[in-house]
Each structure stands twice: as C-alpha cells, then as structure tokens.
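User: Could you walk me through how to read this model, one feature at a time?

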Amino acid sequence: MPDGSVIGPSSVVRGNVRGEGNLEILGRVEGDVSVTGDIVLGESAGVRGSLSGASITVAGQVQGDIRGSEAVLVEGGAKIIGDLLAPRIGVAAGALVKGNVRTEGEAPLGAGRRPVTQGLRSPSFAQKPVPAPAAAPAKAVEAPRAAPSEPEASEKPAAKKAEGERQAPPPVVPALAKGAKAKKKKQRE
Amino acid sequence: MAGTLIGDGLTVEGDLTAEEEVVVNGSVRGKLTTTDAVSVGSSGVVEADITGVSLSVAGQVTGDVTASERVDLQSGGRLIGDVKASRLTIADGASFKGNVDMDV
C-alpha cells in the first residue's frame with residue numbers, strides 16, 4: 001500500500017523524487033518530482049524543478065513546470081515561475097504566476113464535454129494571451145521585410161489581414177522607395 | 001511532529017538533508033543526512049550513506065552509517081556497510097555485514 005509521503009519543513013532534497021502515492025512537500029526540493037498521486041506544496045515549500053502528479057496544490061514557491069493529469073490548484077501566496085498544464089487549473093487571488101497556462105489533457109469527466117470546452121478554449125486563447133507577446137515581434141519582423149522586398153511586400157500585409165492592416169501603412173508610406181525602385185526599373189528598361 | 005516520511009513506493013534519488021526525523025518506507029539512493037533520528041521501515045530500501053543521531057533499521061540499508069548516539073538493527077533488518085556509533089544493537093534475525101567503530 002503506497003502511503004502518503006512527506007518532505008518535512010526542514011528537509012532539503014537535491015535530486016529527483018518519483019514514485020507512487022501522495023506527496024506533501026513542506027521543505028525544499030531541487031530536482032524533478034513525479035508521483036502517481038496528488039502533490040501538496042505547503043506555504044513553506046520551495047521546488048526548483050518540474051512537478052508532475054495527478055492533482056497538484058501549490059501554496060509555496062515553484063521554479064519549474066507543473067503538470068497535473070487531473071488538476072493544478074494555485075493558492076493565494078503561491079509563487080510560480082513556470083508553465084502550468086492540466087485539464088483543470090485554478091489560480092486563487094494573491095497567487096503569482098509567470099509562465100504559460102494551458103488547460104488541456106485528458107478530461108476526467110468523460111468525452112461529452114470535451115468538444116464544447118475545446119471550442120471555447122481555442123478562440124479565447126488565440127485572442128487573449130497570444131496577441132500581447134506576438135504583436136510586438138510581428139511588427140518588428142514585418143517592417144524590415146516590407147522595405148527591401150518591393151512589390152511582394154505590398155501583397156504580404158494584404159494577405160495577413162488582421163495583422164497587416166494596422167502594420168502595413170507605416171512601413172508602406174516610407175517605402176516611397178517604391179517610386180524610386182520603379183524609376184530604377186524604368187531606367188534599366 | 002511532521003518530519004520527513006518517504007512512503008512506500010516513493011523513490012528519492014539524490015541527497016536528502018534534514019533537521020528533523022526521517023522515516024524511510026520507500027527508497028533513497030544517494031545520501032541521507034539529518035540532525036535527528038533516521039528510521040528505515042521494513043519496506044524501506046536505502047542505498048546511501050546515512051548520518052544522523054540515531055538509526056533504526058528494519059529494512060535494507062547499503063551504505064556507511066554514522067550515528068552520534070545509536071544504531072539499532074532490528075529483526076529482519078539488513079545492513080551492509082560500516083557503522084560508526086557509540087551504541088549498536090543487532091537483533092536476532094538481522095543481517096549485518098561491515099565494520100563497527102564504537103569510538104572506544
């Protein structure tokens with residue numbers, strides 16, 4: 001019978017912890033933790049490494065990815081630098097999370113709900129988290145492209161409607177070089 | 001008292017350092033150091049050097065043991081390694097292979 005394990009508040013593990021059963025971490029772990037049961041991280045706990053388990057409750061600090069086959073619950077006061085991945089994810093007020101958060105994986109409540117939740121998930125993730133980081137690099141990438149490459153540049157932004165409409169005008173206008181290039185062409189011809 | 005409990009089925013690979021009681025019913029590979037007692041249960045397997053105040057072995061231990069107070073090797077327990085402790089008991093039915101230094 002796999003009984004629950006405890007890493008006490010004054011205990012430090014430098015290495016990996018893996019196995020069966022539930023695990024309560026009150027101390028520190030510098031390494032990866034992987035168990036088949038649930039993981040509870042107390043307020044005093046700190047983990048530098050990935051956490052993998054069924055249901056993972058975090059009230060302490062984690063620097064690493066957290067992957068729950070059932071759920072990841074982040075309590076107030078918790079501090080996480082790393083990605084969260086589980087079918088169910090809860091983040092309480094007062095928790096600090098820095099990383100990618102994804103609710104996916106095998107949903108334990110049967111297949112009936114999955115299409116609905118997936119349908120709701122994909123657009124909301126496409127709109128919320130993606131544009132913020134993606135918009136900035138997209139401008140930087142497309143602007144220089146528009147300037148040097150001549151006629152194709154005007155076609156590319158048009159094709160990428162959503163991104164192109166806002167970003168196209170500024171680079172296109174200074175790309176009055178088009179006129180100059182056209183002149184060059186005429187000269188060649 | 002909470003302490004640290006490595007339950008049956010759990011494996012720690014690496015150093016385990018504690019300032020509290022450590023109970024091992026699972027397995028520990030690496031190094032086990034505490035300022036308190038260490039207890040290896042009948043299902044416990046430790047392949048590590050152990051340092052602590054006292055050590056009780058009912059499972060299997062492979063590694064050198066240093067205890068500031070005592071080492072108790074219980075019946076069914078198995079210890080392979082050198083023991084350094086001021087007190088040592090070996091119960092009938094226990095297995096032991098190694099040197100003993102009682103700091104005489």
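User: Which strand of chain B do bridges join to β2(A), and do the two run parallel or antiparallel?

Analyst: Two strands pair if DSSP finds at least two bridges between them. Strands (E, at least two residues) and helices (H or I, at least four) are DSSP runs, numbered from the N terminus. Here, eight bridges join β2(A) to strand β2 of chain B, residues 10–18, and the two run antiparallel. One bridge to look for is that of A:N16, whose partner in β2(B) is B:E13.

User: Before we go on, what should I know about the model and its numbering?

Analyst: This is a predicted model, where local features need pLDDT of at least 70 and side-chain atom pairs count only at pLDDT 80 or more, while totals for chains, interfaces and linings use all residues. Residues are numbered from 1 along each chain as its sequence is written, and chains are lettered from A and ligands numbered from 1 in the order in which they are written.

User: What are the confidence scores of the model and of chain B?

Analyst: pLDDT is the predictor's confidence in each residue, from 0 to 100. Chain B averages 95, with 98% of its residues at 70 or above. The model as a whole scores ipTM 0.91 and pTM 0.69.

User: How many helices and strands does chain B have, and how much of the chain is buried?

Analyst: Chain B has zero helices and 13 strands. A residue is buried if 20 or more other C-beta atoms, placed from the backbone, lie within 10 Å of its own, exposed if 12 or fewer, and partly exposed in between. Of the 104 residues in chain B, 45% are buried.

User: Which strands does β8(B) pair with?

Analyst: Seven bridges join β6 (residues 45–57) to β8 (residues 65–73) in chain B, running parallel; B:L55 has B:V71 as its bridge partner there. β8(B) also runs parallel to β10(B), residues 83–84, with two bridges, including B:V65 to B:V83. Four bridges join β8(B) to β11(B), residues 87–90, again in parallel, and B:D72 is partnered by B:T89.
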